[in-house]
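I opened my notebook to look up a few things in one structure. My entries follow in the order I made them.

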Amino acid sequence: MAMTLRLTEEQERALALLAEADGVSKHEATVRAITEAAVRRVRDTRVQALSRDGRERYAALLDRLAQ
């Protein structure tokens, strides 16, 4: 699917620097950035859920340890 990506001059420079640092085209740098952001978001959401579940499961123990 084709799409147009409109960037400010500052964003364009950042993308060019990212692409150069990775030795890839700006297109590839954009695709990688999107993919990495999605992976981070899913991972962060999963870690938050596991943390919440652990706090709920071990709430009594955590309270005793805090005293």
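**Ground rules.** I began with contact, which means heavy atoms within 4.5 Å. I noted that this is a predicted model, where local features need pLDDT of at least 70, side-chain atom pairs count only at pLDDT 80 or more, and totals for chains, interfaces and linings use all residues. Residues are numbered from 1 along each chain as its sequence is written, and side-chain values use heavy atoms, with hydrogens and water left out.

**Entry: helix 1.** I looked up the helices, which are DSSP runs of H or I with at least four residues, numbered from the N terminus. Helix 1 covers residues 9–22. I counted 14 residues in helix 1, with 20 Å from the first C-alpha to the last. That is close to the 20 Å expected at 1.5 Å a residue. The expected span is 1.5 Å times one less than the number of residues. After helix 1 comes Gly 23, and its phi is positive, near 70°.

**Entry: helix 2.** I moved on to residues 26–57, which form helix 2. Helix 2 has 32 residues and reaches 46 Å from first C-alpha to last. The expected value, at 1.5 Å a residue, is close: 46 Å.

Which residues of helix 2 are buried? I sorted by relative accessible area: buried is under 20%, exposed is over 50%, and partly exposed is in between (1.4 Å probe, protein chains only). Ala 29, Thr 30 and Ala 49 are buried. I also noted that the buried residues of helix 2 pack against helix 1.

**Entry: Thr 30.** I picked Thr 30, which sits in helix 2. What does Thr 30 touch? Leaving out residues up to four places away in sequence, I found Leu 5 and Leu 15. The Thr 30 side chain also reaches the backbone oxygen of Lys 26, at 2.8 Å.

**Entry: salt bridges.** I searched for a side-chain nitrogen of Lys or Arg within 4 Å of a carboxyl oxygen of Asp or Glu, which is what a salt bridge is. How many salt bridges are there by this rule? I got 2.

One joins Glu 12 and Lys 26, with the closest N and O atoms 2.4 Å apart. Glu 12 is in helix 1 and Lys 26 is in helix 2, so this pair ties together parts 14 residues apart in sequence. Glu 12 is partly exposed at 30% relative accessibility. Lys 26 is partly exposed too, at 38%.

Glu 28 and Arg 32 also meet in a salt bridge, at 3.1 Å from N to O. Glu 28 and Arg 32 are 4 residues apart in helix 2, so about one helical turn separates them. Glu 28 counts as partly exposed at 29%. Arg 32 counts as partly exposed at 33%.

**Entry: two distances.** I took Glu 10, in helix 1. Is Glu 10 buried or exposed? Glu 10 is exposed, at 58% relative accessibility. From Glu 10 to Ala 33 I noted 16 Å, C-alpha to C-alpha, and 23 residues in sequence.

Next I took Thr 8, in the segment before helix 1. Thr 8 is partly exposed at 44%. Thr 8 and Ala 33 are 17 Å apart, C-alpha to C-alpha, and 25 residues apart in sequence.

**Entry: Leu 62.** Leu 62 is partly exposed, with a relative accessible area of 43%.

Terms used: Helices (H or I, at least four residues) and strands (E, at least two) are DSSP runs, numbered from the N terminus. A polar contact is a pair of N or O atoms within 3.5 Å; within protein, one must be able to donate a hydrogen and the other to accept it, and residues adjacent in sequence count only if both atoms are side-chain atoms.
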